[in-house]
Each structure stands twice: as structure tokens, then as C-alpha cells.
Amino acid sequence: MDLLLYPSSIPFKSHASPPRPNFPNFNPKKSRNFFRNPLISRQNCRISAQSSNGTAGDGFFLEDVPHLTDFLPGLLSYPNPLQNSKAYAIVRQTFVTPEDAVAENIVVQKDSPRGVHFRRAGPREKVYFKSEEVRACIVTCGGLCPGINTVIRELVYGLNYMYGVDDILGIEGGYRGFYSKNTVSLTPKLVNDIHKRGGTFLRTSRGGHDTNKIVDNIEDRGINQVYIIGGDGTQKGADLIFKEVEKRGLQVAVAGIPKTIDNDIAVIDKSFGFDTAVEEAQRAINAAHVEVESVENGVGIVKLMGRYSGFIAMYATLASRDVDCCLIPESPFYLEGRGGLFEFVEERLKENGHIVIVLAEGAGQDYVARELHPIDEKDASGNRLLLDVGLWLSQKIKDHFTNVRKMAINMKYIDPTYMIRAIPSNAADNVYCTLLAQSAVHGAMAGYTGFTVGPVNSRHAYIPIARVTETQNTVKLTDRMWARLLASTNQPSFLNSNEVIPEKADQETMEVVNDMRITSI
């Protein structure tokens with residue numbers, strides 16, 4: 001069957017390069033925003049495969065990313081400088097073909113449709129910027145995370161070494177740095193060893209996003225490539241910047257590099273810094289285990305990052321093997337009664353003489369709020385300020401065993417949150433950050449915009465920014481990974497009590513809980 005690709009806007013082929021209109025007053029040396037058109041774009045299209053006779057094909061969909069030629073149809077393309085690169089001289093296939101796509105779901109049935117795909121990341125044969133006319137900028141926003149400096153370094157190295165770009169600006173202090181801070185000129189020499197340090201070389205902040213001010217500054221400075229490193233809120237801001245750039249008809253490529261230590265970015269396999277966080281968390285867990293093992297009735301509680309997603313706590317628990325119980329935001333728990341946490345703690349103390357609990361910072365927030373009645377406050381990024389569930393749980397366990405069970409315990413509470421956030425990335429994350437940065441550079445040079453980059457089923461792809469911000473990645477209690485944790489710790493699931501708060505568990509989980517209750521009647 002011959003397949004014809006029917007796009008809603010962008011064809012699944014290399015973008016055409018029609019002759020560039022002759023502007024008599026055009027002077028590229030005066031402005032790097034050298035190509036500007038009124039908005040005529042359609043974006044975020046899905047391309048479906050159909051047979052030549054018009055019937056449905058094999059269910060192939062390409063969730064495409066915007067391209068500068070969508071709203072600048074006369075934009076010229078140029079041969080990619082990588083074809084003359086010594087580094088790529090021995091590569092069998094230097095350039096990604098226009099037909100390469102990455103499947104979102106690789107587990108399929110024999111007759112199931114092929115499903116949604118994304119454009120494969122990597123260098124293209126044609127680029128839409130001349131290296132000497134590129135003025136790129138890099139900005140970091142939001143909280144700290146291991147690996148930010150590595151991404152900054154590799155963006156600078158990738159632009160300079162692969163594409164010969166010399167004009168690279170660092171925007172200091174997050175989004176507000178566009179209009180209220182000075183910039184720093186970034187060179188390979190300046191960023192050479194920043195990957196060995198934690199934090200961000202460019203500094204960061206929360207909030208401060210003013211789309212019009214930011215794009216005004218981009219236009220005034222002659223910036224035509226923008227690389228934005230940040231989490232969910234930052235990427236939403238990047239999408240607004242892209243839309244405003246498109247509205248004004250500016251030749252500016254906007255590329256997002258997703259950053260969240262919690263690993264809560266949707267679609268991609270994982271976010272950079274996550275592996276480092278899980279590895280560093282082992283030190284805190286090991287310390288807690290040593291402490292409680294050395295005393296009578298030792299209870300160790302380790303609080304880790306995880307506002308809405310418990311991936312760090314889950315993976316750190318699985319990696320440690322010294323953890324007796326893991327509590328995460330996605331899995332409501334209860335303290336008293338049969339199958340509750342207090343009962344489990346007492347059982348472990350009788351069996352082993354000690355217990356280690358790993359707790360994600362977002363777990364149990366509803367229980368804490370019931371007692372403390374907090375004011376609903378938010379940070380500059382719009383995130384709800386969390387109550388300290390670690391201190392709350394430590395006190396609840398102390399009070400229960402001291403006052404109710406008349407049993408002396410030795411409580412050890414460890415909160416390594418800021419220690420973990422502030423360290424440099426490990427070897428695995430350094431490699432990952434390099435791939436992210438180089439993929440972003442390849443995409444921007446190839447004229448793609450309004451995209452974020454990341455691995456999908458271990459293959460790096462270009463994904464529409466709106467796609468990764470429409471939902472959060474969370475631990476699915478009905479998946480096997482959570483079952484593996486329960487099998488490892490032998491802890492209760494806490495899903496068989498009326499104390500469970502239904503709205504804290506997803507619909508699929510609550511259906512399972514209800515089935516369990518019906519079965520047990």
C-alpha cells in the first residue's frame with residue numbers, strides 16, 4: 001500500500017526553501033531579526049498516514065513542531081556546516097532524514113495502530129541561519145537542579161564548535177533578567193569548567209515572566225535563537241514567548257530544555273538531574289539507616305523532593321533496599337487503625353528493632369492541613385507552598401508511641417533537600433545533558449521553534465512545548481513499578497481504608513480500590 005502523508009499544515013518532509021523576497025531597505029548587519037512577516041501560521045499539527053485511495057492507513061500520526069517557514073515562507077535555507085565538520089567526518093549518516101520519527105508508545109498489539117510519533121532530534125541537511133548572523137541567548141528559570149551548568153556549557157560548545165556561532169548571550173536571573181538585568185557574553189573558555197559546580201552559572205529566579213517585555217528585549221537586542229532551561233511553568237512561559245514571536249513575524253527560534261528534579265515533565269522518559277538526585281538521596285537514606293540501627297527502637301524519616309510526583313522517593317527506595325516504607329503524593333496513606341502506618345511501624349520495630357521511612361515532600365499534605373489550617377500561599381512560580389510533612393509525621397509517630405503505646409522510640413529526621421539540589425550532576429546526567437543541549441541546537445539551527453527536546457523511549461525527539469505542559473508526569477499506582485516497590489519494602493498499600501482521601505488518588509487507582517472493597521465484602 002502506498003502511503004500519502006496528509007498534513008494539516010506542515011508536510012512530513014524537509015521544509016521548502018523558496019526564493020527570498022528582495023527587500024531594498026534590508027540590512028542584515030543592522031539587525032539580526034533580518035526576516036519578518038505577518039502571521040500566517042498554523043501549528044501543532046498532526047500528520048496522519050493514508051493510503052493512496054484515501055482510506056485510513058496504519059494509524060500513524062506525527063505530532064509535529066512549528067517551523068519558522070510556517071510564518072516566514074520566504075526564508076532561505078543553507079547547507080549545514082556539519083557536513084564539513086571533522087568530528088562528523090566518519091559518521092555514517094550525519095543528518096537525520098525528514099522521515100525519521102520517534103514513537104510515543106512502543107508497546108503495541110499485532111493489529112493496533114502505530115499511534116503518535118514525534119520528529120526525531122538531530123542535525124538536518126539544511127539550516128535556516130547563517131552562523132555569523134546568529135545571536136543566541138540562554139536563560140535558566142525556577143529551582144535548582146543538578147546538571148543546569150552542564151546544559152549551559154554544552155549549548156555554548158554546541159553552537160560554537162558545531163556551527164561556528166560566536167555571539168552567545170547569557171540572560172542573568174531568570175525571565176526578569178531579559179528586561180532588568182545585564183547579560184554576559186558566553187564563550188567556550190568562560191564556561192569550560194562550570195559543569196563541575198552545582199547551581200546555575202547564570203543565576204535563576206521564579207516568576208518575572210512578562211511576555212511583551214521579554215520579546216521586546218529579544219527584538220531590541222537582535223536575538224534570533226532563545227534557549228530556555230526550566231520546568232513546567234518555565235516551559236509554559238517559553239510557549240508564550242514563541243507565540244508572541246510568531247505573532248510579530250520574527251525570525252527567532254525558541255527552544256525549551258525541560259528541567260525538573262522531580263521528573264514530573266510529561267512525555268519524555270526522564271528529566272536531567274533526576275539520576276543524580278536519586279544517587280545523592282542514597283547518602284541520606286544510608287545515614288538514617290546507620291542511625292536507627294545503632295539505637296533501640298530507632299525510627300528514621302528521610303524527606304526527599306517530590307511536590308506532586310514521587311519518583312525520587314520511589315527510585316531512591318528501590319535503589320537503597322534499606323527502606324521499610326515509602327510515602328508519595330500519589331498514594332494517600334492513613335495513620336491509625338488496621339493496616340495503618342502506626343501499626344506497620346510497630347510491627348517493624350518488633351521484628352527488626354528499627355525502621356526507615358522515605359517521604360516525598362508532597363505526601364500527606366491534606367492530613368497536615370487538617371490540623372494546621374494553613375493559609376493558602378503560593379510562591380512566585382504559582383506553586384502552592386507545602387507544609388513540612390516530615391516534621392509533622394515525626395511528631396505524630398512520637399506522640400503515638402509515647403502517649404498511646406507507652407513505648408520509647410528514638411526518632412531521627414533527615415531533610416537533605418537543598419544538599420541534593422545543589423550538587424553537580426553525575427556522569428550519567430552529564431552525558432544526558434550533552435545530548436539535550438546538542439539536540440536543542442540542531443533543532444533551532446534547522447529552523448524549528450516552539451519545541452522542547454527530550455528522550456522518548458530512549459530516542460531524542462522534538463516535542464511541541466504545549467504537549468509537555470498540558471499534564472504532569474506522576475507515579476501510577478496501578479503500574480508495575482509501584483508494585484515492585486511494594487514487593488521490595490513489603491509495606492501496606494494503604495488502599496483498603498475509608499480514611500484514604502479519594503481526590504488524592506487518580507481515577508484508575510480509585511476504581512481498583514473500589515473493586516477491592518466490593519470483593520472483600
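Author: A salt bridge is a side-chain nitrogen of Lys or Arg within 4 Å of a carboxyl oxygen of Asp or Glu. This is a predicted model: local features need pLDDT of at least 70, side-chain atom pairs count only at pLDDT 80 or more, and totals for chains, interfaces and linings use all residues. Residues are numbered from 1 along each chain as its sequence is written, and side-chain values use heavy atoms, leaving out hydrogens and water.

Reader: How many salt bridges are there by this rule?

Author: The rule pairs a Lys or Arg nitrogen with an Asp or Glu carboxyl oxygen within 4 Å. Counted that way, the salt bridges come to 22.

Reader: Is Glu-470, a salt-bridge partner of Arg-467, buried or exposed?

Author: Its closest contact with Arg-467, N to O, is 3.7 Å. Buried means under 20% relative accessible area, exposed over 50%, partly exposed in between (1.4 Å probe, protein chains only). Glu-470 has 56%, so this residue counts as exposed.

Reader: Which residue forms a salt bridge with Arg-467 at 3.0 Å?

Author: Arg-467 is buried, at 12% relative accessible area. The closest N and O atoms are 3.0 Å apart, and the partner is Glu-63.

Reader: Which residues are linked with Glu-63 in a network of salt bridges?

Author: Glu-63 pairs with Arg-467. Arg-467 also pairs with Glu-470. The network linked with Glu-63 holds Glu-104, Arg-467 and Glu-470.

Reader: Is Asp-167, which meets Arg-135 in a salt bridge, buried or exposed?

Author: The N to O distance is 2.8 Å. Arg-135 is partly exposed, at 22%. Asp-167 has 17% relative accessible area, so this residue counts as buried.
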